[in-house]
Each structure stands twice: as C-alpha cells, then as structure tokens.
Amino acid sequence: MKIVDIRATTVAVPLEAPLRHSNGAHWGRFVRTIVEVETDNGLVGLGEMGGGGEGASAAFRGLLDYLAGHDPFQLEALRFKIANPTASLYNNRTQLLAALEFACLDLIGQHLGVPVHDLLGGKIRESVPFASYLFFRYQSEGAAEVRTPDQLVEHARALKRVHGFTVHKLKGGVFPPDYELECYKALAAAFPGDRLRFDPNAVLSMAEGLRFGRAIEDLDNDYLEDPVLGLEGLRLIRERVNVPLATNTVVVNFEQLAANVLRRGADVVLLDTTFWGGIRPCVKAAAVCETFQLGVAVHSSGELGIQLATMLHLGAVLPNLTYAADAHYHHLVDDVITGGKLAYRDGRIAVPDGPGLGVRLDRERLERYAELYRELGGYPYDRDPGRPGWYAQVPNERFADPEAGP
C-alpha cells in the first residue's frame, strides 16, 4: 500500500453564533482543511486541520512530492519526512503532520479491517465524556447572545438539558476578571454537584491570576487552565492557590513535558491531537503523565467530525483519562461526515467502531461548505469583529465592556 495522491479541501462550517475568546473570536464559522490521502489499492484516509480561521490546502498539496510512494504503515518515517525537528525550526509542519498521521492511521485501519483504537492498544471505554465548553458569544439569527451571568447560566442549562453535560468549562479572558468571576460563581450556584473549569487563555496578570484562583478555591473545580502565561507563571500560581492548574498552551511537546515534570507548573496536561502532531504522540505523552502522576484531559482546537474521531479514539485507550474532554463540537450547526454530527448521550459521545477512524466524508456536505468558504473566505482568529482595531496583549489590560450589548 503506497500513497499516490493527497487532496485538500478547505471548508467553512457555520457555528450557532460567533464565539468570543481572550485573543479574538471565532467569527460564526470554523474554517478547517479536510485532507484525503489516497493509496494505490484504492483506499482513502481522512485527516483534518484548522488554521486560525485560514485554509491550508496549498500546504498539503505541496507535500505530495514528499509522500508519493510512501507506505502509510511507516509512521515514524512519516514524522521525519514531514516534521524533522531541526528542519522544522525553519518550517514548522507539526499540524500538517498530525492531519497526515490521522489519514495514515485511517488507511491502516481500513486496510486491516480494524478501528484505530485497536491499533493504539484497544479501547477501555465505549464512550468519552465531554464538558459543556461555554463561550461568551454574540447574538446571531436563531441564537441568543451570552454576555451576562443570567444568560450564561441559561445557555448552560439548555446545553445540559439537550446533551447531558455534568462538567462546565467557561472560556474567559474576554471581560474584566472580576466580572468573569461573577459569571463563574453563577455557574457554580446554578449547578450544584457538577464540576467546573475556567480558561482565560493566559491573559491574566500574576496578581489577577492569584486573586481569581484564591476566589474559586471553595468551588467544585476540575482545574484552572492557563490563568497566566508560561510554565514559570503557572508554577508561581500553583504554589499559592489551592486549585489544580492545567495547560494546553505551554506543554505541547516532549521537551516542555519534561520541563513540567522536573519543575511542575501544571497538574493537568490537555493533549491535543493536532498540537502534538498526531494521536500517537498524545498516547506517548499520556504514558509519561501516568508515570509522573500528572492528570490528562483531551483538548479541543475547533474540530469537525474527523478530528473529533481522533479525540474519541485517543480517549478510548487512555487509562489515565480522568477528566471530561473539551469539544467545540456542540456549537456547530452541521458537519462534513456521513450522517451529520455525532450525537451526545448523557454528556458522552460513543467511540466509532468502524474500520479506521470510523467516519467517512459526505461529498455533498463537503462541497456545500467548500463553496461557503469560497464565498466567505477566512477570518482573523486573533481579532474580534465587535471591537474594530482591538488586539489582545499578554497580560491583557483592555478587556471588553460587559455593559455593552451586542
């Protein structure tokens, strides 16, 4: 089985509403690049990559010369062909590698007639739990704004009612910390017995991070995620606050994981199948975390169904996955896979059992959302459409005004 072609299609799939975060916003859609890797036996493996609101089709097409004739089973060789650690200092291809690894694992699974989780050691759970992943958001047609504590609680109630979530994550860093603290405490009061987590994407100052962390110590927190920038900043917060700290920003490779083991700043590492360069590196990283008693969660980078499938296969095989996974998935109105969006049941999504990743492309949906991308284009992830001229600083001093309506 040898690779003969790589096809890449950038799509724009609508969200229910524009989602605000500390660095800008998702502007009412996710822009993702869908990768198809075809082999000489007629199989097609699927991969997926984001890009901060931009497409990456040309970058994937440019890799065909690297990979024509490559055996998808040769995953370690693939890593060095695409993301040599020295060459990548000049051209970082880690996320391209991840999408291609997804596709190769999909091909191997199809070729052998087994799901990807069997290639990774076999599943130990049938479904993966997810957090509600709450955002402040702008109003859109058919979706209310989320700006006030009452609106946030009502939105969380609706998600819990439909999807069954019992863990609630608030994406912060948009409004002043004291205001977001009020919102977070409103969630805690509204959902006694449920677990909570807060993520301001590292834009708080040390003083604000300490104050916020101390103010939530009595709540049912899973963790406080990236309150400040950097491992040393996390370590200083961790020494002074009685809440577990987590990161998805400063432990995304093995050098950083080693640094965190030797001088611990984060108690929980959120593993992202894209950021780490594939599913297999995440499995390896989880084993290191297990050895050194670090918690493990699964991170979301704005997935459609193909990357969601990689998250599910990862979650299926990790014995030390003790936290619900993150997913933006419930904010989407549709997907590009056959059958549309995968369903939540009691806050969980079932692990696919079909060959390979267990999901296939819906050609009509793929073309529909490729056309929408051609119509709308990309968007700047690090800008907020409601705040012209604004850009984030770290630590941030220019938060949005919570009194300002949509």
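**Overall fold**

The model is a predicted one. Its chain contains 13 helices and 15 strands. The C-alpha trace extends over about 60 × 50 × 40 Å along the principal axes. For 406 residues, a compact globule would have a radius of gyration near 22 Å, and the value of 20 Å for the chain agrees with this. Of the 406 residues in the chain, 59% are buried.

**Strand pairing around E4**

Strands of a sheet pair through backbone hydrogen bonds, in either the parallel or the antiparallel sense. Strand E4 pairs with strand E1 (residues 3-14) in the antiparallel sense, through 11 bridges. Within this pairing, Ile-6 has Val-37 of E4 as its bridge partner. E4 also pairs with strand E5 (residues 44-49), again antiparallel, through 6 bridges. There, Val-37 lies opposite Gly-45 of E5. A hairpin is formed by E4 and E5, with 4 residues between the two strands. Gly-42, in the turn, has a positive phi of about 90°. E4 is mostly covered, since 10 of its 11 residues are buried.

The pairings that are described by their bridge counts are listed here.

| Strand pair | Sense | Bridges |
|---|---|---|
| E1 and E4 | antiparallel | 11 bridges |
| E4 and E5 | antiparallel | 6 bridges |
| E6 and E15 | antiparallel | 3 bridges |

**The sheet E6-E15-E14**

An open sheet is built from 3 strands in the order E6-E15-E14, with antiparallel pairing. Strands E6 (127-129) and E14 (344-345) stand at the edges; each has a single partner strand, so one side of each is left without a neighbour in the sheet. E6 is joined to strand E15 (residues 348-350) by 3 bridges, and Ser-127 stands opposite Ala-350 of E15. Pro-129 also belongs to E6. Pro-129 counts as partly exposed because its relative accessible area is 23%, which falls between the cut-offs of 20% and 50%. From Pro-129 to Ala-287 the separation is 158 residues in sequence and 20 Å in space, taken C-alpha to C-alpha.

**The largest pocket**

What volume does the largest pocket have? The value is about 1300 Å³. The lining comprises 49 residues, and those closest to the centre of the pocket are Thr-94, Gln-95, Thr-274, Phe-275 and Trp-276. By class, the lining consists of 19 nonpolar, 22 polar and 8 charged residues. At least two lining residues come from each of strand E4 (29-39), helix H3 (75-83), helix H4 (94-112), helix H10 (254-262) and helix H11 (279-291). The largest share is that of H3, with 5 residues.

**Cysteines**

How many disulfides does the structure hold? The number is 0. Cys-282 is in no disulfide, and the nearest cysteine sulfur, which belongs to Cys-289, is 10 Å away. A disulfide would require the two sulfur atoms to be within 2.5 Å. Cys-282 counts as buried because its relative accessibility is 0%. Cys-183 is likewise buried, with a relative accessible area of 0%.

Terms used. Residues are numbered from 1 along each chain as its sequence is written. This is a predicted model: local features need pLDDT of at least 70, side-chain atom pairs count only at pLDDT 80 or more; totals for chains, interfaces and linings use all residues. Side-chain values use heavy atoms; hydrogens and water are left out. Two strands pair if DSSP finds at least two bridges between them. Buried means under 20% relative accessible area, exposed over 50%, partly exposed in between (1.4 Å probe, protein chains only). On a 1 Å grid over the protein atoms alone, a cavity is a set of points where a 1.4 Å probe fits but cannot get out, and a pocket is an open set with protein on both sides within 12 Å along at least five of seven lines; lining residues have an atom within 4 Å of a point. Grid points are joined across faces, edges and corners, and a volume is the space filled by probe spheres set on the points. Ala, Val, Leu, Ile, Met, Phe, Trp, Tyr, Cys and Pro count as nonpolar, Asp, Glu, Lys and Arg as charged, and the others, Gly among them, as polar. The radius of gyration is taken over C-alpha atoms; the globule rule is 2.2 Å times the number of residues to the power 0.38.
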